[in-house]
Amino acid sequence: MTSSGLDLTQYDPNTRIQDDLYLHANGKWMETHEIPADRSIDGAFRGLVDLAEERVRDIIEDAAASETAVPGSVEAKIGDLFASFMDEKHIDDLGVAPIAGELAAISGCETKAQLAQAFGTLARTHGASPFGVFVNNDAKDPDINRLYFYQGGLGLPDEAYYREEQHAETREKYVEHIAKMLKMAGVASDFGVGTAETVKDGDFDNAAQQVMDLETKLATHHWDLVKDREETLVYNPMSFEQLAKSAPEYNWDGWAAALGLNPKELVTVIVREPSFFEGFGKIWAETPLSVWKLWAAYHLITSRSAYLANKVVEANFDFYGRTLSGTPEVRERWKRGVSAVEGALGEAVGEVYVSKYFPPSHKAAMDQLVA
């Protein structure tokens with residue numbers, strides 16, 4: 001390693017720099033480096049991520065082991081969350097019981113208006129929603145925060161997976177995966193799968209195909225990846241009432257109330273793909289309630305899978321990790337536990353991390369560098 005920070009030992013002297021700069025600089029590393037089994041891609045900067053992950057684990061484990069943490073304090077919350085995630089036996093004993101109430105809320109919907117309200121409730125925790133929302137600065141007025149709406153409803157990476165022949169095998173495996181997850185969660189007669197007396201594998205296969213058919217319809221209204229990167233095209237300010245008119249059959253007011261939105265926040269919203277919502281409105285109206293409930297059940301299960309029993313984690317990873325990403329092994333539980341804590345209490349962990357690994361002298365050096 002030189003004072004510049006460049007690792008010259010990884011350079012490939014057999015490749016001339018003027019012929020291929022990339023291979024000259026990275027050739028040896030690419031030939032000798034082995035990608036860890038719990039990831040599908042890797043790079044030199046990943047070493048920094050791994051180091052930070054280990055440091056965060058130390059911080060979290062210290063919090064979990066603390067005997068002086070005040071109950072309800074940030075330190076206690078960090079420790080308790082990590083400890084609960086690491087209690088593998090208890091989680092396995094619970095199975096899918098932690099989501100039983102949410103599944104019951106979906107199955108108990110007797111009208112589409114009620115299901116739209118359920119989607120609003122689930123959207124607060126990324127449970128299941130046929131479209132997405134997020135808050136960000138207005139792209140043309142950064143002093144104002146806006147609610148953005150974007151296309152959703154798909155379980156595969158993008159709309160191309162539902163139509164291109166090269167993804168045919170992936171589509172087949174996806175249907176098998178949906179059936180497996182529905183069966184594993186015990187989604188049966190109350191969702192229109194089989195009967196109360198007997199539920200056979202074929203019933204779950206049929207249910208999974210209904211979910212796939214619905215997503216395939218939604219995919220026809222999705223913007224492709226290229227069009228969706230056009231910043232001028234995805235900036236479409238409008239009133240919430242205008243958005244609601246594009247899909248009039250959907251219970252927008254009930255959805256917004258369940259999500260906890262203040263009407264004042266909806267005076268102007270940004271809709272990224274207006275034509276998707278028009279298409280969604282038609283599909284919402286023509287698709288039976290029972291199919292939408294099956295769709296919601298599956299997406300709830302897969303969105304919660306990381307926090308459920310190992311058999312559910314493994315089943316979900318088998319498709320999304322191995323089949324889609326080519327990742328051989330699921331990440332170790334402690335790594336997933338660190339990610340869970342960072343996702344829920346990242347700011348709190350960050351304060352401890354900065355105080356421990358970023359002293360004032362580091363900040364002063366960076367201020368000087370920037371200046």
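In which hand of crossing does α3 pass α14? The crossing of α3 over α14 is right-handed, a crossing being right-handed if the near helix is turned clockwise from the far one by less than a right angle, and left-handed if anticlockwise.

Before going on, please keep in mind that this is a predicted model, in which local features need pLDDT of at least 70 and side-chain atom pairs count only at pLDDT 80 or more, while totals for chains, interfaces and linings use all residues. Residues are numbered from 1 along each chain as its sequence is written, and side-chain values use heavy atoms, with hydrogens and water left out.

Helix α3, residues 74-86, packs on helix α14, residues 333-357, at an angle of about 155 degrees, and their axes lie 9 Å apart. That angle makes α3 roughly antiparallel to α14, a label used for angles over 145 degrees. On the α3 side the contact (heavy atoms within 4.5 Å) includes V74, I78 and F85, and on the α14 side W334, G337 and V349 are among the residues involved. By class, this contact has 14 nonpolar, one polar and three charged residues.

The second pair is helix α6, residues 112-123, and helix α10, residues 252-259, which pack at about 30 degrees with axes 7 Å apart. Here α6 is therefore roughly parallel to α10, the word for angles under 35 degrees, and their crossing is right-handed. A116, Q117, F119, G120, T121 and A123 of α6 meet G254, W255, A258 and L259 of α10, and these residues divide into six nonpolar, four polar and no charged.

Note on methods:
Axes are lines fitted to C-alpha atoms, for helices over the stretch in contact, and angles run from 0 to 180 degrees between N-to-C directions. Helices (H or I, at least four residues) and strands (E, at least two) are DSSP runs, numbered from the N terminus. Angles under 35 degrees count as roughly parallel, over 145 as roughly antiparallel, 65 to 115 as roughly perpendicular and the rest as oblique. Ala, Val, Leu, Ile, Met, Phe, Trp, Tyr, Cys and Pro count as nonpolar, Asp, Glu, Lys and Arg as charged, and the others, Gly among them, as polar.
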